[in-house]
Amino acid sequence: MLSSLKYLFIFVFLFHSCNSNRYTEINGYTMGTNYYVKVLDLNLNKELFKTEIDSILNIINLEMSTYIDSSEISRFNKLSPEIEFDISEGFYKVIERSIYFYQLTNGAFDPTIGPLIDLWGFSKDGYLEKIPSKNKIDSTLILLGMDNLHI
């Protein structure tokens, strides 16, 4: 019986110790939605930590948002295929992982579908007046595929 009580005490002590830790909770708004971060409070400066989170999310947004005309990906997407474009390290990492998943899924994951999204009116300014013709769909499909992207 004493042995069982000893283990119960250890469990309650550990459980209480784990749950008595204080957490810092930070939230904000980005990319059209809210974010929420909860971290173990190790005497963090909450405002500085939030500023750092917001800064990282802002960089990602300026690189990857298709809703910001001046973002890196938006500028890239507007280029003619024959034009070279210097990309940031973050954009490079995303493309590199995209190629990996494109190959892993035999093309089922394909981030080059922008022209098809535009054709069907799903882009940020999109509107579909009529269903695209088979010829228009086929000529758009030729543009797709990570194999067409050269890094």
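1. Glutamate 47 first. In this predicted model, glutamate 47 counts as exposed because its relative accessibility is 54%, and the cut-off for that label is over 50%. The residue belongs to helix H2, which covers residues 46-64.

2. On confidence: the average pLDDT for the protein is 84, and 86% of the residues reach at least 70. Residues 1-14 are the stretch to watch, with pLDDT below 50 and zero contacts in the model beyond near neighbours in sequence.

3. Now the core. Ile73, Phe91, Ile95, Tyr102 and Met146 make up the largest nonpolar core, five residues in total. Helix H4 (residues 89-104) is the top contributor, giving three of them. Nonpolar side chains do tend to be buried together in soluble globular proteins.

4. Leaving out residues up to four places away in sequence, methionine 146 touches Ile95, Ser98, Ile99, Tyr102, Asp110, Pro111 and Thr112.

5. Last, the largest pocket, which holds about 1500 Å³ of space. Helix H3 (72-77), H4 and helix H5 (114-119) are the elements giving two or more residues to its lining. There are 39 lining residues, with Ile73, Phe76, Asn77, Lys78 and Thr112 nearest the centre. By type, the lining splits into 21 nonpolar, eleven polar and seven charged residues.

Terms used
Residues are numbered from 1 along each chain as its sequence is written. This is a predicted model: local features need pLDDT of at least 70, side-chain atom pairs count only at pLDDT 80 or more; totals for chains, interfaces and linings use all residues. Side-chain values use heavy atoms; hydrogens and water are left out. Helices (H or I, at least four residues) and strands (E, at least two) are DSSP runs, numbered from the N terminus. Buried means under 20% relative accessible area, exposed over 50%, partly exposed in between (1.4 Å probe, protein chains only). pLDDT is the predictor's confidence in each residue, from 0 to 100. Contact means heavy atoms within 4.5 Å. A nonpolar core is a set of buried Ala, Val, Leu, Ile, Met, Phe, Trp, Tyr and Cys residues joined through side-chain atoms within 4.5 Å. On a 1 Å grid over the protein atoms alone, a cavity is a set of points where a 1.4 Å probe fits but cannot get out, and a pocket is an open set with protein on both sides within 12 Å along at least five of seven lines; lining residues have an atom within 4 Å of a point. Grid points are joined across faces, edges and corners, and a volume is the space filled by probe spheres set on the points. Ala, Val, Leu, Ile, Met, Phe, Trp, Tyr, Cys and Pro count as nonpolar, Asp, Glu, Lys and Arg as charged, and the others, Gly among them, as polar.
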